[in-house]
Amino acid sequence: MPAVRESPPAGDHVTMHRRLPPVRVRRGEALRRGALALLLAAGCNARAGDGPTGKRGESGETDGEEAKEQPTPVVAGELKRGDITNTIAVASTIEAERQVTVHAESTGRVMSLTVEEGDKVKKGERLAQIKYDAQASALNRASTSLEKAKADYERAQQLFSAKVIGKEELAQTRNAYELAQLDVRDRSREVRNTKVNAPFDGTIIKREVTSGAFVTSGAALFTVTDFSTLVARVYVPEKELDRIAVGQDAEIVGKAATGRQATGKIERIAPVVDAATGTVKVTVSLPDDKVGPAGFLPGMYAEVVLTTDHKDDVLLAPKSAVVHDEEQSYLFVIDGERAKRVRIEQGLADAEFVEITGDALKELQGGTKIAIAGQAGLKDEGLISLVDYQGRPVDEAGNLKKEEPASDEAAGE
């Protein structure tokens, strides 16, 4: 009988084994494969309804081993003690309190100009001359009329003394004489108005007319500025009103024109509060040695810094470390691998630091380690890992940690 080959029993499987050649895996590829395997394993455990690792409850959470808490990378800093000054920085435009535009007070052609932009002038100094032939002729006619009126009045007085004329005739000649005097004064003023003079000591900052131009009464000719009256007007919040006073120093820094900096003084504080903005107008004067072409000029954009308070030897925290939750402020104090949230109250503040006040002073002191970056989403007693600003791991002293060498198995030789 022919041999009969028996089939394997039902349900049994025959597995064929074949030796495969070794596969060389690079280190980076090995790490990626390992991470992928961990993610797949975690996904399978999360989807399993029943099993040896636990049972899914009604809420969807497993009763077995919980997911491992992931640390939050934070940058560490520390509290320090020092001095702090509270300031207000307000933008302003430099302007002169004594600046006028000189207008023509007569009509005619400009005969000559004696000054140019940038020239310094004294009060009463001649700036320009307007042609005055018409005004001079009018003055001559008025002067002739005055002489005639005077002679008529003197003759009328003699006739009245001789009782040749009455009081009415004498009064008429007296009125004519007085009117002639007024006319001469008016014509003399018109002649004087053809001479354009400086109203005060200052600097010509703008010339708006040329020699030979015809001008009418009221035309703008020059702008004269007294640089000794340069000020910066700023508007300070009402709550800071009690912290500033007349005579107090104020730092003035040029914004667009760099290199301009001066220490001015508060000259005036307005006696009213602007109801619309809740601010008070404060006028700050500039020192004379900081104005002019090498210093501040009218129209320059500047920042005025007013000091409102100062404290010595107080506990300070970097502003970046403070976390705000509605109206409360907190710091995260580093305690080993975790960070504790501590509520604080803030005092004075400057551009970099804020003063720590209140009950927090009982547990905080200079040198206390705190999180200064990365703590925005951190929870109280949350797990942390220390990094630098580039995200590289560091130790408690802030030194970079050395990378652990890769294992032989991960190297995949």
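Trainee: Is Asp-249 buried, partly exposed or exposed?

Mentor: In this predicted model, the relative accessibility of Asp-249 is 41%. Buried requires under 20% and exposed requires over 50%. Asp-249 therefore counts as partly exposed.

Trainee: Which residue does Asp-249 meet in a salt bridge?

Mentor: A salt bridge needs a side-chain nitrogen of Lys or Arg within 4 Å of a carboxyl oxygen of Asp or Glu. For Asp-249 the N to O distance is 2.8 Å. The partner that supplies the nitrogen is Lys-265.

Trainee: Where does Glu-97 lie, and how many residues separate it in sequence from Arg-233?

Mentor: Glu-97 and Arg-233 form a salt bridge, with their closest N and O atoms 2.9 Å apart. Glu-97 lies in the loop between S2 and strand S3 (99–103), whereas Arg-233 belongs to strand S11. The pair therefore ties together parts whose separation in sequence is 136 residues.

Trainee: What is the distance between the closest N and O atoms of Arg-268 and Glu-97?

Mentor: Arg-268 also forms a salt bridge with Glu-97, and the closest N and O atoms are apart by 2.3 Å. Arg-268 lies in strand S13 and Glu-97 in the loop between S2 and S3, so this pair ties together parts 171 residues apart in sequence. At 37% relative accessibility Glu-97 counts as partly exposed, and Arg-268 is likewise partly exposed, at 37%. The distance asked for is 2.3 Å.

Trainee: Which residues of the largest nonpolar core touch the most other members?

Mentor: This core has 23 residues. Among the elements that give two or more residues to it are strand S2 (80–96), strand S12 (249–254) and strand S15 (301–318). The members that touch the most others are Ile-94, Ile-252, Phe-296 and Val-304.

Trainee: Which element gives the largest share of the lining of the second largest pocket?

Mentor: About 330 Å³ of space lies in this pocket. Of the 16 residues that line it, the closest to its centre are Lys-120, Gly-202, Thr-203, Thr-225 and Phe-227. Strand S5 (120–121) and strand S8 (202–207) are the elements that give two or more residues to the lining. The largest share, 3 residues, comes from S8.

Trainee: How many residues of that lining are nonpolar, polar and charged?

Mentor: In this division, Gly is placed among the polar residues and Pro among the nonpolar. The lining of the second largest pocket then divides into 6 nonpolar, 5 polar and 5 charged.

Trainee: Is Phe-227 buried or exposed?

Mentor: Phe-227 lies in the loop between strand S10 (220–225) and S11. Leaving aside neighbours within four places in sequence, its contacts include Thr-203, Ile-205, Val-291 and Pro-298. The C-alpha atoms of Phe-227 and Val-291 are separated by 6.6 Å, although the two residues are 64 residues apart along the chain. The relative accessibility of Phe-227 is 16%, so it counts as buried.

Trainee: Which residue lies 5.3 Å from Asn-197, C-alpha to C-alpha, and 70 residues apart in sequence?

Mentor: Asn-197 is found in strand S7 (residues 195–197) and is partly exposed, with a relative accessible area of 34%. Beyond its neighbours within four places in sequence, Asn-197 is in contact with Val-102, Gly-124, Glu-125, Arg-126 and Leu-127. The residue at 5.3 Å and 70 residues apart in sequence is Leu-127.

Trainee: What percentage of the residues in the protein is buried?

Mentor: The protein has 4 helices and 21 strands. Its residues number 413. The buried percentage is 31%.

Notes: Residues are numbered from 1 along each chain as its sequence is written. This is a predicted model: local features need pLDDT of at least 70, side-chain atom pairs count only at pLDDT 80 or more; totals for chains, interfaces and linings use all residues. Side-chain values use heavy atoms; hydrogens and water are left out. A nonpolar core is a set of buried Ala, Val, Leu, Ile, Met, Phe, Trp, Tyr and Cys residues joined through side-chain atoms within 4.5 Å. Buried means under 20% relative accessible area, exposed over 50%, partly exposed in between (1.4 Å probe, protein chains only). On a 1 Å grid over the protein atoms alone, a cavity is a set of points where a 1.4 Å probe fits but cannot get out, and a pocket is an open set with protein on both sides within 12 Å along at least five of seven lines; lining residues have an atom within 4 Å of a point. Grid points are joined across faces, edges and corners, and a volume is the space filled by probe spheres set on the points. Contact means heavy atoms within 4.5 Å.
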